[in-house]
Amino acid sequence: MHYTTAYFTSLLEKLTDIPFTLIHDDATLTHYGAIVSPPNTEPPLFIDHYVPSYINPKQPIIYITPHLERFIFISLEAHCPGKLVIGPFISSVIPKEFLHSVLNDTAVCDYPKYIDYYQQLYTLSSEKQHALIQLIYFMLFRQTLDEIDIIIQDNWLQLPEKTMSSTLEASLKLQPTQHCIATEQQFLYLIKEGKSDDLTVLLNQGPLFFSDRVGLLSKNDTLRHYKNSSIVCIALATRAAVSGGVYTEEAYNLSDFYIQSLEDCTSTSSADVLVKKALLDFTQLVTHQQHTNLSPHVMHAKYYIKKSVH
């Protein structure tokens, strides 16, 4: 092992209780700290979860698993072939009713053991995750790293290959106290402006409504909470699309379709995928309208004819 890497890992082990692993170029592993694994799973479970960045394979990645654990991946190519993997950990304490729903979605049977597993995981807020990555990056490469250069990947949507806009950069740097209302406004702005690529990146931050910043809209039914939250989200997106130039009846028909489809969802994960698809569809409608050089009256007539024919 390179001297710099060895010195760094010894410091990191003293500074944090989060387990981490070096994946060497020959696929051998060096573990640091107590690696915690789900029931009936042998470490290192994260190898199967790793998905290279679509933008730049050398960029640090925060990866969110289907069970909401997180891992940080950082390439060590400047010092030695291989990768540094930090985790598993969680970003906040997951309410038991949410956790139960997530485990049901992924057909987990041994619920009590999973509760014990999650209680053993280290909790690291999103802000501290970014700060830890920036510190490690500076220690290893002697370079500063902007938060926008840290990729967040989960299993819901893929990242586009295009560069993020400055408006999205600003939204991803919001402080926790600003996050809820400002993020909502950012979502609606991107829909209204037809910025599908930027919206895809923003959606790729994990499940939409599993957060201590999102109010619980059903006390006893997590799936109902997710459906209720999705309905509110779709209603707001409908108005944003109309503000962006989409014909009113077309927007509300799409809204009705997705709200009705939500009722057929049998899991929170399927509801999450559906509402994200709805937001993207509204945004793409706006984009299509922006590239159509027709007056509102002509669009109205065109839509009326289309509706009458079908």
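Is tyrosine 137 buried or exposed, and at what relative accessibility? Tyrosine 137 counts as buried, because its relative accessibility is 14% and the cut-off for buried is under 20%. That residue is a way into the rest of this structure, which is a predicted model.

## Overall picture

The protein has 310 residues, and 47% of them are buried. Its secondary structure comes to 11 helices and 7 strands. Contacts reach along the sequence in a telling way. Of those with a separation of 6 or more, 63% join residues 24 or more positions apart. The accessible surface is about 16100 Å². Carbon and sulfur atoms hold 54% of that surface.

## Aromatic pairs

Tyrosine 137 has a ring partner. The count for the structure is 5 aromatic pairs. One of them joins tyrosine 137 to phenylalanine 141.

Another pair is tyrosine 117 with tyrosine 118. The ring centres of tyrosine 117 and tyrosine 118 lie 5.2 Å apart. Their planes stand at 70 degrees, so this pair is edge-to-face. Tyrosine 117 and tyrosine 118 are both buried. They also belong to a cluster: ring pairs link Tyr114, Tyr117 and Tyr118.

Strand S1 spans residues 20-24, and threonine 21 sits in it. How many of the residues of S1 are buried? The number is 5 of the 5, so the strand is largely enclosed by the rest of the structure. Its side chains point two ways. Phe20, Leu22 and His24 point one way, while Thr21 and Ile23 point the other way. Both groups are buried.

S1 pairs with strand S2, residues 29-32. The two run antiparallel and are joined by 4 bridges. In this pairing, isoleucine 23 has leucine 29 as its bridge partner. Threonine 21 stands opposite histidine 31. The side chains of threonine 21 and histidine 31 also make a polar contact, at 2.9 Å. Threonine 21 is buried, because its relative accessible area is 0%.

S1 and S2 form a hairpin with 4 residues between the strands. In that hairpin, alanine 27 takes a positive phi near 75 degrees.

S1 also pairs with strand S5, residues 82-90. Here 5 bridges join the strands, which again run antiparallel. Histidine 24 has glycine 82 as its bridge partner in S5.

## Buried residues in the helices

Which helix holds lysine 276? Lysine 276 lies in helix H10, residues 268-290. Lysine 276 counts as buried, because its relative accessibility is 0%. Its side chain has a polar partner. A contact of 3.0 Å joins the side chain of lysine 276 to that of aspartate 272.

Leucine 202 belongs to helix H7, residues 196-203. Leucine 202 counts as buried, because its relative accessibility is 7%. Isoleucine 152 is 50 residues away from leucine 202 in sequence. In space the two are 9.5 Å apart, C-alpha to C-alpha.

## Cysteines

A disulfide is a covalent bond between the sulfur atoms of two cysteines. How many disulfides does a search of the whole structure find? The search finds 0.

| Residue | Relative accessibility |
|---|---|
| Cysteine 233 | 18% |
| Cysteine 265 | 11% |
| Leucine 202 | 7% |
| Lysine 276 | 0% |

Cysteine 233 counts as buried at 18%, since the cut-off is under 20%. Cysteine 265 is buried too, with a relative accessible area of 11%.

Note on methods
Residues numbered from 1 in each chain as written. Predicted model: local features only at pLDDT ≥ 70, side-chain atom pairs only at ≥ 80, totals over all residues. Heavy atoms only, no water. Buried < 20%, exposed > 50% of the residue type's maximum accessible area, 1.4 Å probe, protein only. Polar contact = N/O pair within 3.5 Å; in protein donor to acceptor, adjacent residues only side chain to side chain. Pairing = 2+ DSSP bridges. Disulfide = S-S within 2.5 Å. Contact = heavy atoms within 4.5 Å. Areas by Shrake-Rupley, 256 points an atom, 1.4 Å probe, with all protein chains shown as cover. Phe/Tyr/Trp six-rings, centres within 6.5 Å; stacked < 30°, edge-to-face > 60°.
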